[in-house]
Amino acid sequence: MSLSELDIKPSQPFAPTPMVAKKQQLKSLREFPMLYLGGFIVLVLIVVAIFAPVLAPHNPDAVFQNGLNANGTPIAPNWEFPLGTDSNGRDILSRVIFGSRVSLTVGVVSTLINLFIGVVVGLVSGYFGKWVDTVLMRAVDTILAFPFLLFAMALVAVLGPSLWNVLFAIGILGWGTMARVVRGQVLSLKEFDYVQAERALGASHGRIMFRIILPNVIGPVIVLATLNVGMNMLTEAGLSFLGIGIQPPQASWGNMIQQGMNTYAFAPWTLWFPGLALVIAVLGFNMMGDGLRDLLDPHNATR
Amino acid sequence: MADVLEVRDLTIEFLIEERYYRAVQGVSFDIGEGETLGLVGESGCGKSVTSLAVMRLLPTHTKVSGQVKFRGQDLLKVGEPQMRQIRGNEISMIFQEPMTSLNPVHRIGTQISESLILHRNVSAAKARAQSIDLLKLVGIPRAEQIVDEYPHQLSGGMRQRVMIAMAMACQPSVLIADEPTTALDVTIQAQILDLMRHLTAENHMSTLLITHDLGVVAEMCDRVAVMYAGQIVEQGPVREIFRHPSHPYTVGLMNCIPKIAGERKRLVPIEGNVPSLQNMGVGCRFAPRCPKAMDVCHEEPEEYSVGTEHTCRCWLHAEAGVTSR
Amino acid sequence: MYAYLIRRISGAVVVLLGISIITFLLVYAVPADPARMIVGPKAPAAVVAAVRAQLGLNLPLPVQYIHYMDRLFHGDLGTSYIYSLPVAKMILQRIGPTAWLALWCWVAELVIGIPLGIYTARHARHKRDYIVSAVALVGISLPVFWLGLVLLYWFGFEIPILPLGGSGGIQYVILPAITYGITGAAYYTRLLKSSMLEVMGQDYVRTARAKGASERRVTWRHVVRNALLPVVTFGGIDIGYLLTGVVLIEATFNWNGLGMLAYTAIQNDDVPVIMGTVMLIAVGVVLFTLLVDIIYAAIDPRIRYE
Amino acid sequence: MTEALLQVEELVKYFPIRRGVLQRTVGHVKAVDGISFAVNQGETLGVVGESGCGKSTMGRSVLRLIEPTKGKVTFNGKNVLSLNKPEMRAMRREMQIVFQDPYASLNPRYTIGQTLLEPMKIHNLHSPGERMQKVHSLLERVGLASEYARRFPHEFSGGQRQRVGIARALAVNPKLVILDEPVAALDVSVQSQVLNLLEDLQDEFHLTYVFIAHDLSVVRHISDRVMVLYLGRMAEVADSEELFTNPLHPYTKALLSAIPVPDPDAKRERIILQGDLPSPANPPSGCPFHTRCPVAVDKCRQEVPAWREVKSSHHVACHLV
């Protein structure tokens, strides 16, 4: 999970560009095509997830009598099953549509857990420094050194595979990067004279941390969180692909790909479509995150 | 005195959010053999940009027009390979920030040698030996050791000496110094200015010294050009300018700096702020802040002669007639 | 510099201790009773109790931890519940294949990622940059297991020029390496690009130009050299990430390595094997991070002469 | 003479240098090494010195933005360093600070109005209804239009931001303001505006200033008395006129002679000091200035010169004076 950390350089506080100045520039679709395209994909994803029962042509878990060929192989895409059927004779389109619910829930909620732990740890560690910082950062090093996927696998295996346990495992293990980024930002921000001025005025630690520093680190945190959603979606899919995440018959793009692994030789669509859905969804969040970073980047403002 | 560098009507425009803005407009000056010209002004007046334009080091997407003649050759027209032969060889430059102007991963010797290898085609060993000589020339103690050290091991003053050694490597005929002492402490500034004075005199170098400090100008320069908002508003021999400042901006500048000696008086500030690139206005650019502004100031003044080699871009001196330039 | 390294090493030791504690506690998190797992479900309760005592499971937790650490230092990672083999031996057999696979995956990332990074940085804000950046973004968004299957379908099945998975020599490595290379290279590309753009704006690059250095010389001698420093750091983090992610690659290509070992162990509640592999990989991550710190110290004079 | 408003005695701030495996303290950066002074009500004390002389650390230690290592700070009869947290918070109303960098000293996410309301909220001054009116009057007092309250810092120039920084410090009606290089980042034409403003405010609100700067001309202009620091120690203190016309310490002399004077015909004897400033982590023995002093004798290398009053209210630390 430490990969996305490098997208945000802690040495460069985003602070000096206020959001307000940017609001007037939001009009320029041409300047931030990534943001708009990514945002559009994410929006579509949310709509699909919410209205899945309305949008899906079939019940995703229904096994159709006419869902398999005579020799027991899945049916290729046709009018009744636009994306074909899987090896159990279920409608792939409907399963892909319902799978969005799993991906989105896990991606977003686990990120919120990451966000909460990471921001609190990073803020406290960076602001108080000294031994608090040393202890917390060693903890972060430890959690980042762990084989994240293996550990999540083990944790889910212990807790029992279910949507909420997958989400919990990813949420509880994946906050290390967030904490590091927030800490880096806080470290540089706290030397800013406007934070010192606040101290000189006699403001309390709480006021400085939450009213002064936190709003100024929110920019990079939002960027990181957006990229994190895509990452966590990939992790969930990976766990489900390994059979440790979301359990069939509940549809998840990951377990659909696992199923497709056995049938792709004679029914490649069973592999294509869940994978494409996953790629597009992750791409959407990544594009949005990239776009947000460009938007908040002070270099872009002064150019 | 033959002019080594002649700048004529230099105009520089920057691309900001898909529009071009004029950072420098119609700047003309000459620097004679062995002469030091001071380019003074406040931040954003275009003095540094002017020097980078002479070196052709401005970012792409910058429009530069006019002429920059170095020994008769227009630098704005020569090809990039030819320009590279001039940079660091005929014209070299030192910058404001000695802390960041040296490459942190290369040894001091390697960085000085680079100019020699590029322009003098010497061997690495010979370049190293010459680097040591250059370090001695700029007064660095333990030159034999320093040559193998890295920039972060040196103080700011020492790094600026290294920058000067690098600039001197190929015995250029023009040295451009962009605020060379602004980042340094006063006592170190005195050392560096002293060094520069000796080196330029001994090597008969022409110098373009960019600074915001009138004290540095008075000590270092033969002639001065005062810049305001992208234009040279007054230009002349250093004594002329300090004895008889003609442009209200120059007068204002001299009155608003606290003095180190003499009677303590309330300062007479120049009211208002320096205009930004995006809103320069029309006519005389100083008019909005000028205590002597008149109706005619809505129109652009030209450079008028106010004395021997002394010109001033102000309507107050229009009756003296437009200069021949 | 030695102080710097010793500091790093001691930091690593603390992290390793943390890792050992967490893996140790993992045993207690798993609902399966080790004694019951060993003697089988039908054994009488008295036997289970005897085995518990024999394993020292009745002792207080800290004492058990000390015993655990003692065994660890003697290379004893315990015995697999399922295969009744020493875990250390099982792991040792798999390290080779996994290291071989991981090495090529990493090389593929570098070979694809670094040249593209330099290329996009040199053409920043041009059409070419936008195209490469967009492709890089897609690369980052690809699930490695799906891409692997897609490549298997095309190059193992439709155009059968490469083996359909399995472990072995170089022909077996090509597809997994390319798969991993495509999904991971983009991180190097993006990092190197942003790092190069930052270096290009530095004063010392302007100094180099003012000396009359050509663009090519400026790029290679002054920009790339400095811009690679953060890439080195990332290289270490990435190897750790690779060791973690190797389970997905191995499962996709049916490669018999550490990842598969851990994977089957997790499915079978084979706790000693899970502990052993997690522990080993975590140690690997720590060691690679440490290695990077050492390399970094060697190439960055600011640290070398601290 | 009235009793001193601020009295600082033997103020010391060492920053530990940590090295090695356990980050043991292997030495100290002696940023401030025994500084004593007093500032009277309504007076301006100028503090000058080059980088590393400890002038900024000293300013912040007095306010306990940095916790000093040793020493005594008495403000208005109260021992500042022994105050507990709530007492210190209350004390902060009395002593304020203005920072050097006008770009870093204002919260970019707050409007100017919010920035100025902040001190009143923290100290619960005025009724919420009155506060906005107070903000407007503060803005007008520092020469800014009251409608600027709704704007954000990035819309302003350096000089204007510095005016806001001054207004923020004045919002709590302090007695003492520490001005930490308040004009160093400003252009000369704007610098004079801010200097004049500071002088006017001092008269109007009977403020006491500690004016920290590296620019000697500015310090001479604004100060009643001037203290010259070198490597965390005091070199010389005297009334402003006296110090600039009759400097006694060789360092002060060199410093004064090093300033470029905006007069091409000025004939001055220039003392160019050799070498660099020593590191405050490893200050020279004896007199800290002996390594660069043109007149140093053996005694200077061994003995720390005593702090002596050589003339009425003119103190100097030099063996040769």
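**Group meeting talk: four chains, A to D**

Let's start with one residue. D:Glu118 has a relative accessibility of 2%, so it counts as buried. The cut-offs are under 20% relative accessible area for buried, over 50% for exposed, and partly exposed in between (1.4 Å probe, protein chains only).

A word on the ground rules. This is a predicted model, where local features need pLDDT of at least 70, side-chain atom pairs count only at pLDDT 80 or more, and totals for chains, interfaces and linings use all residues. Residues are numbered from 1 along each chain as its sequence is written, chains are lettered from A and ligands numbered from 1 in the order in which they are written, and side-chain values use heavy atoms, with hydrogens and water left out.

Back to that glutamate. Which residue does D:Glu118 pair with in a salt bridge? The partner is A:Arg207, and the closest N and O atoms are 2.8 Å apart. By salt bridge I mean a side-chain nitrogen of Lys or Arg within 4 Å of a carboxyl oxygen of Asp or Glu. A:Arg207 sits in helix H10 of chain A and D:Glu118 in helix H3 (residues 112-122) of chain D, so this pair joins two chains. Helices (H or I, at least four residues) and strands (E, at least two) are DSSP runs, numbered from the N terminus.

Why do such pairs form? Side chains of opposite charge can pair when their charged atoms come close.

Over all chains, the structure holds 47 salt bridges. Here is another one. D:Glu241 and B:Arg264 meet through their side chains at 3.4 Å, N to O. This pair also crosses between chains. D:Glu241 belongs to helix H8 (residues 240-245) of chain D, while B:Arg264 is in the loop between helix H10 (248-256) and strand E11 (304-307) of chain B. D:Glu241 is partly exposed, at 34% relative accessible area. B:Arg264 is partly exposed as well, at 31%.

Now a pair inside chain C. The side chains of C:Arg206 and C:Asp203 form a salt bridge, 3.7 Å from N to O. Both lie in helix H9 (residues 203-210) of chain C. They are 3 residues apart, about one turn of the helix. C:Arg206 is partly exposed, with 24% relative accessibility.

Chain A has a network of salt bridges, linking A:Asp61, A:Asp86, A:Arg90 and A:Arg95.

Next, the interface of chains A and C. How many residues of each chain are in contact? The answer is 49 from chain A and 51 from chain C. Contact means heavy atoms within 4.5 Å. The buried area here is about 4500 Å², and carbon and sulfur atoms give 79% of it. That area is the accessible area (1.4 Å probe) the two parts lose on being put together, summed over both.

The rule finds 1 salt bridge across this interface. It joins A:Asp290 and C:Arg190, with the closest N and O atoms 2.9 Å apart.

Which elements build chain A's side? Those giving two or more residues are helices H5 (130-145), H6 (148-159), H10 (205-241), H11 (253-263) and H12 (269-296). H12 of chain A gives the most, with 12 residues. By class, this side has 35 nonpolar, 7 polar and 7 charged residues. Nonpolar covers Ala, Val, Leu, Ile, Met, Phe, Trp, Tyr, Cys and Pro; charged covers Asp, Glu, Lys and Arg; the others, Gly among them, are polar.

On to chain D as a whole. Its secondary structure comes to 10 helices and 12 strands. The radius of gyration is 21 Å, close to the 20 Å that the globule rule gives for 321 residues, so chain D is as compact as a globular protein of that length. The radius is taken over C-alpha atoms, and the rule is 2.2 Å times the number of residues to the power 0.38. Those C-alpha atoms fill a box of roughly 70 × 60 × 45 Å along the principal axes. Buried residues make up 58% of the chain. Of the contacts in chain D between residues at least 6 apart in sequence, 62% join residues at least 24 apart.

Most residues other than glycine have a negative phi, and most peptide bonds are trans.

B:Asn121 is not a glycine, yet its phi is positive, about 55 degrees. It lies in the loop between helix H3 (108-120) and helix H4 (124-137) of chain B. Is B:Asn121 buried or exposed? At 71% relative accessibility, B:Asn121 is exposed.

B:His204 also has a positive phi, near 55 degrees. Look for B:His204 in the loop between helix H7 (186-203) and strand E8 (206-211) of chain B. B:His204 is partly exposed, at 48%.

Finally, the peptide bond from A:Pro248 to A:Pro249 is cis, with omega near 10 degrees. A:Pro249 is in the loop between H10 and H11 of chain A.
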